[in-house]
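Have a look at the structure first, then follow the points below.

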Amino acid sequence: MTVQEIISNLALTVITGENFEQPVSGGYVSDLLSNVMGQAGSGNIWITMQGHQNVVAVSLLAGLAAVIIAGGVKPDEAAVNKAKAEGLIVLTTHLSSFEVAGRLYALGIRGN
């Protein structure tokens with residue numbers, strides 16, 4: 001499944017990004033940055049409720065396909081600017097992290 005298919009199926013809001021046709025290898029849910037760095041797989045889509053620029057740095061370090069900021073949280077300006085500069089796909093939703101994870105699982109996206 002591609003990032004674009006996930007955006008369409010979950011009605012996500014695109015904050016930054018351009019290459020929405022990249023494949024998603026799996027999903028990961030955590031708000032603990034060090035946990036994401038050590039456990040998320042390359043090409044995963046990450047669900048978090050954090051919207052600061054360290055989310056962008058961790059996403060890039062882990063080689064993630066995209067990040068979904070859940071729970072109606074909006075990324076701060078520094079995070080948006082950094083994501084734009086680095087070409088990272090940042091998406092938002094009013095849905096809870098739990099709901100997003102369940103919907104991704106129903107679409108066939110699995111964890112590591």
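T92 lies in strand β5 (helices, H or I of at least four residues, and strands, E of at least two, are DSSP runs numbered from the N terminus). This is a predicted model, in which local features need pLDDT of at least 70 and side-chain atom pairs count only at pLDDT 80 or more, while totals for chains, interfaces and linings use all residues. Residues are numbered from 1 along each chain as its sequence is written, and side-chain values use heavy atoms, with hydrogens and water left out.

**Around T92**
- T92 is buried, at a relative accessible area of 2% (buried means under 20% relative accessible area, with a 1.4 Å probe and protein chains only).
- Setting aside neighbours within four places in sequence, T92 is in contact with L12, T13, I15, I69, V73, K74 and P75 (contact means heavy atoms within 4.5 Å).

**Strand pairing**
- β3 and β4 run parallel and are joined by four bridges (strands pair if DSSP finds at least two bridges between them); I47 stands opposite I68 in β4.
- Between β3 and β4 the chain passes through helix α3 (residues 53–62), in a right-handed β-α-β crossover (with the strands pointing away from the viewer, the path from the first strand over the helix to the second runs clockwise).
- β4 and β5 also run parallel, joined by three bridges, and V67 stands opposite V90 in β5.
- Helix α4 (residues 77–86) carries the chain from β4 to β5, and this β-α-β crossover is right-handed.
- β4 is covered on both faces, with A66 and I68 buried on one side and V67 and I69 on the other.

**Helix α1**
- V3, I6, I7 and L10 are the buried residues of α1 (residues 3–10).
- Viewed down the axis of α1, these buried residues fall within an arc of 100 degrees, so they line one face of the helix (the arc is that of the directions from the helix axis to the C-beta atoms).
- They pack against β1 (13–16), β3 (44–48), β4 (66–69), β5 (90–92) and α5 (97–106).

**Nonpolar cores**
- The largest nonpolar core has 19 residues, of which V3, I45, I68, L91, V100 and L104 touch the most other members (a core is a set of buried Ala, Val, Leu, Ile, Met, Phe, Trp, Tyr and Cys residues joined through side-chain atoms within 4.5 Å).
- α1 gives this core its largest share, four residues.
- A second, separate core of 16 residues includes Y28, V36, A83 and V90.

How values were computed. Buried < 20%, exposed > 50% of the residue type's maximum accessible area, 1.4 Å probe, protein only.
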